[in-house]
Amino acid sequence: MTERQEARRLAILAASAELAGRGGFDAVQMREVAESADVALGTLYRYFPSKVHLLVATMADQLQRLHSTLRRRPPAADGPAERVAETLMRAFRALQREPRLAEAMVRALTFADRSVNAEVDAVSALTTRVILDAMGLDHPTAQQLSAVRVITHTWHSTLITWLSGRASLAQVRTDLETVCRLVDPAPAPTGAGGRR
């Protein structure tokens with residue numbers, strides 16, 4: 001992608017985030033996004049074939065911004081489980097500030113079919129990277145990656161239940177703190193024939 005194309009893409013994502021922030025999923029109309037980003041409607045569709053593609057890409061862009069912020073100001077907690085929980089709660093607080101944008105992005109992620117795989121993969125990869133950075137890992141084991149996948153699934157699930165009003169922020173925190181313990185498991189028990 002050329003510098004000009006990337007600038008156009010970022011303008012489209014910014015317009016999408018602004019419209020979603022004002023009115024949620026239904027407020028993101030492709031014609032309005034094109035007008036707001038000052039691009040032709042055909043150009044918009046070349047970048048993003050549908051509103052779902054656009055909003056999932058918007059979520060990836062928002063995660064990239066979060067990742068940059070977290071790299072500048074990493075979590076301060078001592079253990080990896082606590083750092084991951086702190087990181088995910090910081091992400092939740094950011095989403096709390098823009099609940100309509102959060103709802104639009106999560107709805108799009110939920111609706112995404114196979115045609116949106118590239119955008120969904122970008123969201124998954126960024127979420128994984130954010131968690132691994134919080135853990136302080138560059139080269140995770142297969143078991144650690146499995147734990148990260150479970151944490152990611154829980155994070156997305158808690159987003160859905162929180163946005164739908166079925167979970168309080170306190171419940172979200174408890175669930176995330178519980179699942180984050182997977183990255184710092186207790187040693188296997190010993191005694192009664194058990195081995196470490």
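The stops below go from an annotated domain to the core and then to some charged pairs. Keep in mind that this is a predicted model.

Stop 1: Select residues 6-66, which an unreviewed UniProt entry annotates as "domain: HTH tetR-type". Colour this stretch by secondary structure and you will find 80% helix and 0% strand. Its end C-alpha atoms lie 19 Å apart.

**Stop 2: the core.** Next, look inside. The largest nonpolar core has 62 residues, and Ile-12, Val-84 and Trp-155 have the most contacts inside it. Helix α4 (residues 51-72) gives the largest share of this core, ten residues. Now centre on Ile-12: setting aside neighbours within four places in sequence, its contacts include Val-33, Tyr-47, Phe-48 and Leu-54.

**Stop 3: a pair within one helix.** The count of salt bridges comes to seven. Start with Glu-18 and Arg-22, whose closest N and O atoms are 2.9 Å apart. Both sit in helix α1 (residues 3-23), four residues apart, so about one helical turn separates them. Glu-18 is partly exposed, at 44% relative accessibility.

**Stop 4: a linked group.** Which residue forms a salt bridge with Arg-71? Select Asp-133: the closest N and O atoms of this pair are 3.2 Å apart. Because Arg-71 lies in helix α4 and Asp-133 in helix α7 (residues 117-135), the pair ties together parts 62 residues apart in sequence. Arg-71 is exposed, while Asp-133 is partly exposed.

Through shared partners, salt bridges join Arg-71, Arg-129, Asp-133 and Asp-138 into one network.

Methods. Residues numbered from 1 in each chain as written. Predicted model: local features only at pLDDT ≥ 70, side-chain atom pairs only at ≥ 80, totals over all residues. Heavy atoms only, no water. UniProt positions renumbered as here; feature names shortened; annotations may be inferred. Helix = DSSP H or I, 4+ residues; strand = E, 2+ residues; numbered from the N terminus. Core = buried A, V, L, I, M, F, W, Y, C linked by side-chain atoms within 4.5 Å. Buried < 20%, exposed > 50% of the residue type's maximum accessible area, 1.4 Å probe, protein only. Contact = heavy atoms within 4.5 Å. Salt bridge = Lys/Arg side-chain N within 4 Å of Asp/Glu carboxyl O.
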